[in-house]
Amino acid sequence: MDSDEGAGAVESSAVHPLVPYEGDTILEPCEGMEFDSEDAAKIFYDEYARRLGFVMRVMSCRRSERDGRILARRLGCNKEGYCVSIRGKFGPVRKPRPSTREGCKAMIHVKYDKSGKWVITKFVKDHNHPLVVSTREARQTMDEKDKKIQELTVELRNKKRLCSTYQEQLTAFIKIVEEHSDQLSKKVQNVVSNLKEIEPIDQDLSQRR
């Protein structure tokens, strides 16, 4: 788990437009920038990476010890860190592939705030390698991601609507059961009351015999 790099709850002093870029100008991340969700932060930084000329890597996160929810996330460059060679007793196990990692430290750290927003608490801008804008990168396009997010949103909305329908049906069923229980209870009470009224008459008839 990643250590929390923010200090306490973040109080943002400014609200930034939640768009990847404005016109031909790249909107650069900055501390205090807010997002509606973790996914929104990922989409923003991914588009920033694409336009600047690097590939985003989803890195470590910090989770709540109470319920396991993600509370903070690091997003960085795919050249972050270094590849560690795996060696056997007699040298390399297999021919090592060219490493794409160069120890780049460029990243953002986003944290869930008590306001309900996800806030950038740390931004490292500089890369230690050339940035190359390429359309050949083996990565999802924003159109594909937007389409997937839209599909998941629609599916979630349908699930919520179905859940709400089931809840209404269950509530109606419980109400019917309660009504029948009340009616049955009243009938039982009437029977008991009638029996109590008949009992003295029955005793009187028995005495006269």
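Leaving aside its neighbours within four places in sequence, which residues is His127 in contact with? I took contact to mean heavy atoms within 4.5 Å, and I found Leu52, Phe54, Cys77, Cys104 and Ala106.

I note that the model is predicted, so local features need pLDDT of at least 70 and side-chain atom pairs count only at pLDDT 80 or more, while totals for chains, interfaces and linings use all residues. Residues are numbered from 1 along each chain as its sequence is written, and side-chain values use heavy atoms, with hydrogens and water left out.

I then located His127 in the loop between β9 (118-124) and α2 (142-208). Helices (H or I, at least four residues) and strands (E, at least two) are DSSP runs, numbered from the N terminus. His127 has a relative accessible area of 18% and is therefore buried; buried means under 20%, exposed over 50%, and partly exposed in between (1.4 Å probe, protein chains only).

I looked next at polar contacts, which are pairs of N or O atoms within 3.5 Å; within protein, one must be able to donate a hydrogen and the other to accept it, and residues adjacent in sequence count only if both atoms are side-chain atoms. The side chains of His127 and His129 form one of 3.3 Å. His109, in strand β8 (residues 107-112), makes one of 2.7 Å with Thr121, side chain to side chain. His109 is buried, at 0% relative accessibility.

Finally, I examined the pairing of β8 and β9, which is antiparallel over 6 bridges; two strands pair if DSSP finds at least two bridges between them. Ile108 has Phe123 in β9 as its bridge partner.
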